[in-house]
Amino acid sequence: MTDISRYDRQWRLREIGKEGQSHILAGTAAVIGLGALGSVSASLLARAGVGRLLLIDRDFPELSNLQRQTLYDEKDVERRLPKAVIAREKLALVNSAIHIEAFPADVNAVTAGELLAGVDVIVDGTDNYETRYLLNDFSLKHNIPWVYGGVIRTEGIVYTVLPGEGPCLRCLFLEAPAPEEAETCDRSGVLAMAAHVTAAVQAVEALKILAGKKEQVSRELLKFDVWRGHWKTMTVDGLPACASCRGHYEYLETEAALQTVKMCGRNAVQIYHAESRPVNFQSLAGKLAGQVAVEYNDYVMSIRSDPFEIMLFANGRAIVKGTEDAGRAKSLYARFVGA
């Protein structure tokens with residue numbers, strides 16, 4: 001039997017109690033994406049005693065990550081191990097009493113069912129709308145709560161989706177922004193403290209669910225700016241049901257998801273959507289100016305970030321050169337192009 005004395009300061013909270021702590025110890029949480037948000041929320045959940053913690057990420061740590069991703073250090077960058085593997089190692093040293101699983105994998109329409117089977121809550125640490133809408137559909141179809149979080153510049157946003165109990169993410173944001181309109185940390189920057197506050201709020205909402213306190217989960221959309229000290233909650237009741245809430249889970253359909261194809265003998269991966277998603281080269285080039293080398297004509301844009309190059313076509317299709325890893329290619333695409 002697990003000794004709950006290590007969680008003494010937590011279960012003494014009247015909001016949790018011993019019963020709530022017992023539920024937490026018996027619960028399963030999946031953290032998808034172990035970057036600025038996921039690495040922090042995963043650490044907090046491990047320390048809180050979540051009995052089974054699934055760590056899922058498709059990428060490797062880079063030096064530029066360390067400014068905000070406090071789970072990693074310079075030696076981790078040199079090791080070139082997947083973030084999921086490193087995170088499991090680090091968190092096992094924090095709490096050896098819980099079961100932690102690492103999955104260096106991409107969550108998509110094919111893999112979601114296997115990766116997320118049996119979880120009680122999903123915590124979003126992803127960096128693109130494609131995956132978030134997929135998580136949203138998976139959550140609704142399988143009746144699994146999930147906690148959305150986003151951060152850019154000094155601003156954060158959090159919303160918890162409880163299937164059948166109010167709007168889902170797609171009700172709030174019907175369509176993903178066009179690639180050249182979507183803000184990313186690489187284009188706009190991000191303050192580490194904003195990411196950590198966002199992740200902490202996400203972890204709190206996930207812990208409420210795991211502790212059996214779902215009725216205490218916030219039903220409002222929270223937005224804040226840590227630099228300016230602005231906090232705002234927005235009521236979202238009364239929004240019309242979206243296609244996902246009506247049972248149309250298009251992001252779980254393989255043909256609707258972001259597809260990748262390894263290009264034999266070329267050290268490259270092709271990325272494409274089933275439907276054309278036009279890109280405004282001029283607008284995207286302006287947002288990437290000064291960050292990476294960009295050239296374009298009427299047909300194709302070259303985005304170079306050594307040792308990689310993204311050849312982006314006007315319909316959103318791309319060839320990512322310099323890797324044969326589909327997850328790595330998708331991360332680069334999300335980083336410089338968007339969802």
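## Side-chain interactions: a short briefing

Glu205 and Lys208 sit three residues apart in helix H10 (residues 192-210), so about one helical turn separates them. Helices here are DSSP runs of H or I with at least four residues, strands are E runs of at least two, and both are numbered from the N terminus. This is a predicted model, in which local features need pLDDT of at least 70 and side-chain atom pairs count only at pLDDT 80 or more, while totals for chains, interfaces and linings use all residues. Residues are numbered from 1 along each chain as its sequence is written, and side-chain values use heavy atoms, with hydrogens and water left out.

**Salt bridges**

- The side chains of Glu205 and Lys208 meet in a salt bridge at 2.8 Å, N to O; the term asks for a side-chain nitrogen of Lys or Arg within 4 Å of a carboxyl oxygen of Asp or Glu.
- Glu205 is buried at 7% relative accessible area, where buried means under 20%, exposed over 50% and partly exposed in between, using a 1.4 Å probe and protein chains only.
- Within helix H4 (residues 74-79), Arg79 and Asp76 are three residues apart, or about one helical turn, and their salt bridge spans 3.1 Å from N to O.
- Arg79 is partly exposed at 36%, whereas Asp76 is buried at 2%.
- A search of the whole structure finds 16 salt bridges.

**Aromatic pairs**

- The structure holds six aromatic pairs; rings of Phe, Tyr and Trp (its six-membered ring) pair if their centres lie within 6.5 Å, and planes under 30 degrees apart count as stacked, over 60 as edge-to-face and the rest as tilted.
- Tyr133 and Tyr251 form a tilted pair, because their ring centres are 5.3 Å apart and their planes are at 55°.
- Tyr133 belongs to helix H7 (residues 129-142) and Tyr251 to the loop between E8 and E9, so this pair ties together parts 118 residues apart in sequence.
- Tyr133 is buried at 1% relative accessibility, and Tyr251 is buried at 8%.

**Around Ser244**

- Ser244 lies in the loop between strand E8 (230-235) and strand E9 (259-263), and is buried at 1%.
- Its contacts (heavy atoms within 4.5 Å) include Asn136, Cys168 and Tyr249, not counting residues up to four places away in sequence.
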